[in-house]
Amino acid sequence: MSVPSNLPVWQELHAHHAAIADLHLRDLFAADPARFARFSRHFGDLLVDFSKHRITDETLRLLTELAYQAQVPEWTARLFSGEMINHTERRAVLHVALRNRGNRSIFVNGEDVMPEVNAVLEHMRKFADQIRRGKWRGHTGKRIRDVVNIGIGGSDLGPKMVCEALEPYGDPTLRMHFVSNVDGAHISHVLADCDPESTLFIIASKTFTTQETMTNAHTARAWLVRELGDEAAVARHFVAVSTNAEGVRKFGIDTANMFEFWDWVGGRYSLWSAIGLPIMVYLGMEHFIELLEGAHAMDEHFRSAPLQDNLPVILALLGVWYIDFFGASSQVTLVYDDYLRSLPDYLQQLDMESNGKSIDREGQAVSVKTGPILWGGLGNNGQHAFYQLLHQGTHLVPADFLAPAHSPNPVGDHHPILLANCLAQAEALMVGKTEAQARAELEKQGLSGEALEKLLPYKIFPGNRPSTSLFYRRMTPQVLGALLALYEHKVFVQGVIWNINSFDQWGVELGKQLANAILPELKGERPADGHDASTQGLIEFCRAAQ
């Protein structure tokens, strides 16, 4: 396969789209009382309801055929077998090996990676246990109370999101902090809230050269040495997640406290690896394993379930349906669970860094639309901000609603009110409000004649806005693991269908290269030249303002 639009079923989908594009969801529900049962699936404690999508049985049949013609099963087998499917970087893609709880052999270049995976996991366990039991002490003998993870991108977004999402399972004696922004305000605010005698820093950088991470790391190191007055303190307050043993040693970290991972672990897929060290420190080994088990269960479902019942495949196909046939350019994640407040940020990187591509696997320009602009936030807050656009704007924005049936904080009527709002918004986006309904509502309020007619257009909601509801009984490590693996595999399937490599990220390189050239010019170490007039003028402004 090379060009997805050349697949026979692609043309069938175009014809089908033209035939059903004007169907309204409220009519589809009215005509079919069993629609929810047919277009929803259970996975453990997770319910995925996709009945509020502009699809029929024929739509799902054609989309499933698209997955077959795009060779999704074959690519899935290649992923799990350790083939070098990241062809531009000549790497396997094996985040699934990190949560391979069945411990089946997985080979890369003829070598089973599972012994190394298990060895690193055991190394993480021993260290986390020392912190949690108070056996690891700081330089002055105090117990660790603050843990500061310094990383960026996948070395920050995943661990931060998981620690927040599973806070009820965390060690209440530990405070977790995550520093990513190179803006000095970020590290300054965190350090101001920490006691140097009881703070542990985890430096997460595969190369130990990432500019933002190492700038923050050196600032934290200087703060610690200044406050404790001893260079030797670094070894008791810093550990590293890296592959650069020499760089770690030069920093002052004992390489016995360096946790390794491999080039077949992409950054945005790395929370399952040693990058998840802050997760294990906070949650403990038992809950970290439960997180891995939830993801492994979804991996096995993805590998084995028929495509028409395969949750990652279904969600991927629905995304392709809206992007390539309805012309929807964005998708929104609406979280009705405060513990998942960082999930939209995490999913932004997962999706847009993976499928924000315009060149296919053959090196040719793509002929179809690829990854969506993904955005979102806490749904209840969004109702008072951006939901106006979702309901009455000119953009079609498919939505994911996420919510727990039970809250770990059952305070008064808070949770029923939260759930009522979530359910109401999904329903409102789907059914809308007709002209007749709006007219009756205004007449009931006492309006009539010209006043009613002038206000009437503003009261109409078109509806027919699609959404997926992902509800779970309660947030647990297993549920979160399954949910994250669901989204990972969804992104992979879409990349297969669009014939792009979802696992490289060359688009992040150019800005880094230019920043390295501009930095000495901003600092006055060399003249600023060779730039466009705008960049030149901005450099001169910044230098003059210093």
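Colleague: Which residue is the bridge partner of Val335 in S12?

Modeller: The partner in S12 is Leu402. Helices and strands here are DSSP runs, numbered from the N terminus: helices are H or I with at least four residues, and strands are E with at least two. Please note that this is a predicted model, in which local features need pLDDT of at least 70 and side-chain atom pairs count only at pLDDT 80 or more, while totals for chains, interfaces and linings use all residues. Residues are numbered from 1 along each chain as its sequence is written, and side-chain values use heavy atoms, with hydrogens and water left out.

Colleague: And how many bridges join S10 to S12?

Modeller: Strand S10 (residues 330–335) is joined to S12 by 4 bridges, and the two run parallel. Two strands are said to pair if DSSP finds at least two bridges between them. On S13, Leu402 has Leu470 as its bridge partner. In total, 6 bridges join S12 to strand S13 (residues 467–472), again in the parallel sense.

Colleague: Why is S12 described as largely enclosed?

Modeller: Strand S12 (residues 399–404) is largely enclosed by the rest of the structure because 6 of its 6 residues are buried. Buried means under 20% relative accessible area, exposed means over 50%, and partly exposed lies in between (1.4 Å probe, protein chains only). Ala399, Phe401 and Ala403 point one way from S12, whereas Asp400, Leu402 and Pro404 point the other way, and all are buried.

Colleague: Changing topic: what is the order of the strands in the open sheet?

Modeller: That sheet has 5 strands in the order S6-S5-S7-S8-S9, with parallel pairing. Strand S6 (175–179) and strand S9 (258–259) stand at the edges with a single partner strand each, so one side of each has no neighbour in the sheet.

Colleague: Over how many bridges do S5 and S7 pair?

Modeller: Strand S5 (residues 146–150) and strand S7 (residues 199–204) pair over 5 bridges. For example, Asn149 has Ile202 of S7 as its bridge partner.

Colleague: Which strands does H10 lie across?

Modeller: Helix H10 (residues 211–228) lies across S5, S6, S7 and strand S8 (238–241), at about 155 degrees to S7. Such angles run from 0 to 180 degrees between N-to-C directions, the axes being lines fitted to C-alpha atoms, for helices over the stretch in contact. Contact means heavy atoms within 4.5 Å.

Colleague: Where does Ser205 lie?

Modeller: Ser205 lies in the loop between S7 and H10. At 1% relative accessibility, Ser205 counts as buried. Leaving aside neighbours within four places in sequence, Ser205 is in contact with Thr210, Thr213, Val241 and Ser242.

Colleague: What about Glu488, is it buried or exposed?

Modeller: Glu488 is buried, with a relative accessible area of 1%. Glu488 belongs to helix H22 (residues 477–498). Not counting residues up to four places away in sequence, Glu488 touches His95, Arg99, Tyr269, Trp272, Tyr346 and Leu350. With Arg99 there is a polar contact between the two side chains at 2.8 Å. A polar contact is a pair of N or O atoms within 3.5 Å; within protein, one must be able to donate a hydrogen and the other to accept it, and residues adjacent in sequence count only if both atoms are side-chain atoms.

Colleague: Now the charged pairs: how many salt bridges are there?

Modeller: The count is 30 salt bridges, each being a side-chain nitrogen of Lys or Arg within 4 Å of a carboxyl oxygen of Asp or Glu. One of them joins Lys52 and Asp49, with the closest N and O atoms 3.9 Å apart. Lys52 is buried at 15% relative accessibility, and Asp49 is buried at 7%.

Colleague: Which residue does Arg226 meet in a salt bridge?

Modeller: Arg226 meets Glu227, at 3.9 Å from N to O. Arg226 is exposed, at 57% relative accessible area, while Glu227 is partly exposed at 44%.
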